[in-house]
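Here is a short tour for anyone who likes to look at helices, loops and side chains up close. Have the viewer ready and follow along.

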Amino acid sequence: MCNKFLEYLRTTHQVIHTKRKLHTNTIASYWSAFLGTLHAAHRDRKIKENPCPYLERAETIPTDKVGLSAEELIRLAETQCEVPILRTAFLFSCLTGLRKSDIKQFSWEMIQPEADGALYITPRMKKTSLIIHNPIGDEL
């Protein structure tokens with residue numbers, strides 16, 4: 001039954017672009033969430049056996065994530081915005097690598113001096129719970 005759901009994902013069409021099938025990585029993402037649900041159901045004793053080890057795997061295609069260039073960031077910084085704090089927060093995110101959820105939790109205590117004399121932002125990432133050490137550049 002579970003593998004039939006994977007086959008459904010491979011053959012179904014997108015909601016908005018009804019003539020296109022789901023992208024390979026979308027299928028893999030949905031399948032991963034489904035497997036996580038099965039795993040949690042087994043852990044919480046909602047199902048007796050965990051079927052995950054016996055199920056097919058959904059393939060993924062490597063993607064090339066492209067960020068903004070320095071020129072694009074400068075142009076963005078010089079562009080007027082009806083909500084200035086929005087532009088400031090976005091630029092802060094670009095320059096620090098922090099996600100929106102991490103910026104919302106940001107406090108001055110997260111700025112720490114290191115032995116080399118440089119200042120670092122050291123938040124605990126909300127998504128991964130890892131503590132990161134991002135240097136603060138002169139741009140900030």
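Predicted model: local features only at pLDDT ≥ 70, side-chain atom pairs only at ≥ 80, totals over all residues.

## How α1 and α2 pack

Let's start with helix α1 (residues 2–11) and helix α2 (residues 24–43), whose axes come within 10 Å and cross at roughly 160°. Because of that angle, α1 is roughly antiparallel to α2. The crossing of the two helices is right-handed.

Which residues make the contact? From α1 come Cys 2, Asn 3, Phe 5, Leu 6, Leu 9 and Arg 10, and they meet Ile 27, Tyr 30, Trp 31, Phe 34 and Leu 38 of α2.

Next, have a look at Leu 55, in the loop between α2 and α3 (70–78). Is this leucine buried or exposed? Its relative accessible area is 13%, so Leu 55 is buried, the cut-off being under 20%.

Setting aside neighbours within four places in sequence, Leu 55 touches Cys 2, Asn 3, Trp 31, Leu 35 and Leu 38. For a sense of distance, Phe 90 is 35 residues from Leu 55 in sequence, and their C-alpha atoms are 41 Å apart in space.

## Thr 96 in helix α4

Now move along to helix α4 (residues 84–96), where you will find Thr 96. Thr 96 has 6% relative accessibility and therefore counts as buried.

What does its side chain reach? A polar atom of the Thr 96 side chain lies 2.7 Å from the backbone oxygen of Phe 92. The Thr 96 side chain also reaches the backbone nitrogen of Leu 98, at 3.3 Å.

## Two positive phi angles

Arg 45 has a phi near 60°, a positive value in a residue other than glycine. Like Leu 55, Arg 45 sits in the loop between α2 and α3. With 73% relative accessibility, however, Arg 45 counts as exposed.

Ser 129, also not a glycine, has a positive phi near 65°. You can find Ser 129 in the loop between β2 (119–121) and β3 (134–135). Its relative accessible area is 44%, so Ser 129 is partly exposed.

Methods:
Residues numbered from 1 in each chain as written. Heavy atoms only, no water. Helix = DSSP H or I, 4+ residues; strand = E, 2+ residues; numbered from the N terminus. Buried < 20%, exposed > 50% of the residue type's maximum accessible area, 1.4 Å probe, protein only. Polar contact = N/O pair within 3.5 Å; in protein donor to acceptor, adjacent residues only side chain to side chain. Axes fitted to C-alpha atoms, helices over the stretch in contact; angles between N-to-C directions. Parallel < 35°, antiparallel > 145°, perpendicular 65-115°, else oblique. Left-handed = near helix turned anticlockwise from the far one by under 90°. Contact = heavy atoms within 4.5 Å.
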